[in-house]
Amino acid sequence: MSNTKRKSGLGQLLIPLVALGILLLFNLIRDPGFYSIGIAVNNSGNKVLTGNVISIIDSASELAIIAMGMTLVTAACGGQDISVGAVGTIAGSIFVQTLKACSAINIGTVLLAILACCAVAILFKAFNGVLVAVFRIQPMIATLILYSCGRSIAYWIVGSATPQIDSPIISAMGMTIPGVPVPTPIFGVVLVGLILTVIFKFTNLRLYTESVGVNQGAARLNGINPIAIKLLSFVILGMCVAAAGVIGTCRMGQVSHKTLLIDIEMDAILAVAIGGNNLGGGRFKISGSILGAYIIQMLTTTLLAMRVDPVNIKAYKAVVIIIIVMAGSPVVKAKLAQLWQRIRPETASAAIGKGVN
Amino acid sequence: MKKLFALVLALMLCASLAIVAHADEPIKVGIINLDPAESGYREANVNDLHAVFTAENGYDARFVTAPTADLQLQAANTFITEGVDYILVSAAETTGWDETLEAAKEAGIGVFLFDRMIDCDPELYTAAVVSDMRNEGVTAVAWLESLGLEEYKVLHIQGQLGSAAQIGRSEPLQEKCEADEKWTMVREGTGGDSWDPNEARKIAEAAINAGEDFNIVYAENDGMAQGVVAALDASGITHGVNGDVIVMGFDCNKWALRELLAGNWNYDGQCSPFQAALIDQMIKTLQAGGEIEGLNELKQIINEEKGFDARTITEEDIATYGLGE
């Protein structure tokens with residue numbers, strides 16, 4: 001049983017891994033210097049790692065974190081939350097306002113601010129969760145509310161254009177900790193990933209979430225409360241969103257309510273899809289979504305390195321993404337499986353199983 | 001005869017009453033501004049207007065803040081229909097105002113431009129209280145030239161395209177880059193309608209990722225300069241007085257001037273957001289039947305502005321010229 005499960009899991013990751021491999025190869029042929037990594041000293045006197053690879057892993061941090069939470073909501077509810085960017089901005093605003101209300105910025109007040117913004121983000125996400133789980137409103141409609149008004153709420157919270165927070169702790173959180181050349185946001189991704197891994201390791205949340213996603217009625221009959229599971233997925237997404245909001249705010253040392261985490265909801269959904277997860281809910285693989293996030297960022301950075309105008313990047317990205325998503329579609333998969341069967345008849349049975357699944 | 005005399009007297013009384021009543025009535029003004037959330041500059045500007053055009057000061061003021069030209073025009077047309085006495089505008093775009101301003105003129109409404117000029121016949125407005133944006137650009141470019149660098153490789157972050165501030169600050173730099181072979185424009189991008197720091201950061205990241213070599217960042221407001229600086233810090237590129245890259249901003253927010261004082265930036269160009277008091281004076285003069293004096297051929301009154309150098313700025317400068325907190 002465990003053997004077949006692992007096989008089907010790898011199958012899910014096949015397309016994103018191949019896509020990543022092609023991107024890596026493409027850049028290697030285009031310009032091997034793309035992968036060069038250096039060390040430099042910035043204005044604060046900190047050593048920082050430089051190079052496109054570091055830039056990709058660093059810039060994708062917020063997206064990777066939100067994609068993790070989005071995977072869970074997708075699996076449990078069979079729909080997506082499109083208000084992650086807006087609520088992330090609210091979280092960032094709360095973070096800034098809490099620090100401004102405190103007399104000084106030190107480890108204690110920063111922790112307090114993180115707690116405060118986590119609480120608020122969870123509250124907002126729980127609001128979405130109640131609409132989806134209790135009132136059974138379609139997730140996209142339910143989250144459209146905060147998607148449209150979230151950024152205005154963020155502006156009310158901060159009450160000014162771009163409030164600044166200036167402190168060594170903030171820049172350590174958004175860029176690099178003195179003495180550690182690796183960008184701090186990367187540790188944020190690792191931390192959130194670890195927390196989720198521990199949760200899945202020691203609870204039955206994965207099983208419960210998948211069963212609610214696959215068949216809500218059957219799950220209920222087996223003693224699982226679908227409302228609680230769905231709400232919980234939104235609460236976890238809330239934590240992820242708060243983490244992304246804090247990272248985004250610390251990067252700039254300010255919160256800009258109009259553009260912090262802008263368009264990240266679409267990229268996050270895309271990351272979930274590229275990761276081979278079914279957007280209709282059910283079984284999921286968070287590692288796939290994380291891979292998806294890095295693929296999206298790698299695509300952006302590759303295009304930038306090719307000096308494509310940032311304004312036109314979305315169009316180029318769209319073309320590549322269509323190809324990746326098409327390659328992962330059931331129809332194409334079945335066709336590929338047929339093709340495989342013709343070439344290697346003896347291994348056909350496993351491949352067909354994959355294609356139908 | 002007696003009756004006629006009485007009638008005339010009564011009429012005169014009515015007329016004088018009406019005049020007295022009219023003098024007591026607040027002056028109706030419609031103020032069209034940009035979104036205060038745009039920048040520290042705009043916030044200071046909106047607050048300044050709110051502080052001057054108050055009921056205590058004899059005004060019945062209506063405020064509209066709209067980020068785009070079409071919303072602003074809508075607001076102006078509403079004000080004309082409602083019949084205000086004066087309209088004050090800081091235009092999102094320099095063109096497209098002729099029809100609306102003509103309608104205002106026909107309705108006998110006085111129009112004051114503040115902060116940003118509009119590209120139209122000066123007959124269509126009463127006066128303009130503006131910054132000489134072009135002069136801000138010229139001053140900044142002259143300062144840059146005075147450094148006597150061997151090469152000028154510029155990363156240019158523009159503001160809202162088409163706005164007077166963007167055009168005024170961009171053109172002197174663009175002209176210099178075309179005229180002087182030592183000056184090259186490495187990359188040009190815009191922070192968009194909201195002069196956005198995040199957009200500016202993305203442009204800088206794009207330039208860094210593409211391996212482009214630049215030694216000057218010319219950002220058309222403070223927030224965008226800070227966005228670029230965040231990208232520089234993340235990539236280990238030094239900046240400021242002792243750094244590899246020269247950082248320039250505009251607006252003179254207090255926090256930005258502090259960056260200058262700390263040596264992280266090199267230059268900040270002033271742009272005064274305080275026009276309300278001057279306009280108030282002019283309206284009061286007009287109401288008293290006087291005429292506005294001291295206007296140039298474009299009917300402008302120019303706010304005086306300067307630029308600050310990180311090597312010479314003082315705490316006192318920050319207290320005097322800095323905006324915000």
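Buried means under 20% relative accessible area, exposed over 50%, and partly exposed in between (1.4 Å probe, protein chains only). The model is predicted: local features need pLDDT of at least 70, side-chain atom pairs count only at pLDDT 80 or more, and totals for chains, interfaces and linings use all residues. Residues are numbered from 1 along each chain as its sequence is written, chains are lettered from A and ligands numbered from 1 in the order in which they are written, and side-chain values use heavy atoms, with hydrogens and water left out.

**View 1. B:Glu212 and A:Arg307 form a salt bridge.** A salt bridge is a side-chain nitrogen of Lys or Arg within 4 Å of a carboxyl oxygen of Asp or Glu. Here the closest N and O atoms are 3.8 Å apart. B:Glu212 lies in the loop between helix H7 (197-209) and strand E8 (216-219) of chain B, and A:Arg307 in the loop between helix H13 (286-305) and helix H14 (313-327) of chain A, so the pair joins two chains. Helices (H or I, at least four residues) and strands (E, at least two) are DSSP runs, numbered from the N terminus. B:Glu212 is buried, at 14% relative accessible area.

**View 2. Chain B meets chain A.** The contact (heavy atoms within 4.5 Å) takes 33 residues from chain B and 31 residues from chain A. About 2600 Å² is buried between them, and carbon and sulfur atoms give 49% of this area. Buried area is the accessible area (1.4 Å probe) that two parts lose on being put together, summed over both. How many salt bridges are there between chain B and chain A? The count is 2.

**View 3. B:Arg134 and B:Glu171 join in a salt bridge.** The N to O distance is 3.4 Å. This pair links distant parts of the chain, 37 residues apart. B:Arg134 sits in helix H5 (residues 133-146) of chain B, and B:Glu171 in helix H6 (residues 164-179) of chain B. Are these side chains buried or partly exposed? B:Arg134 is partly exposed at 35% relative accessibility, and B:Glu171 is partly exposed at 33%.

**View 4. B:Arg116 forms a salt bridge with B:Asp115.** The closest N and O atoms are 3.8 Å apart. Both residues are buried.

**View 5. A:Asp58 belongs to a salt-bridge network with A:Glu62 and A:Arg251.** A:Asp58 is also one of the buried residues in helix H2 (residues 52-59) of chain A. Others there include A:Ile54 and A:Ile56. The buried residues of this helix pack against several elements of chain A, among them strand E2 (47-50) and helix H3 (61-77), together with H7 of chain B.
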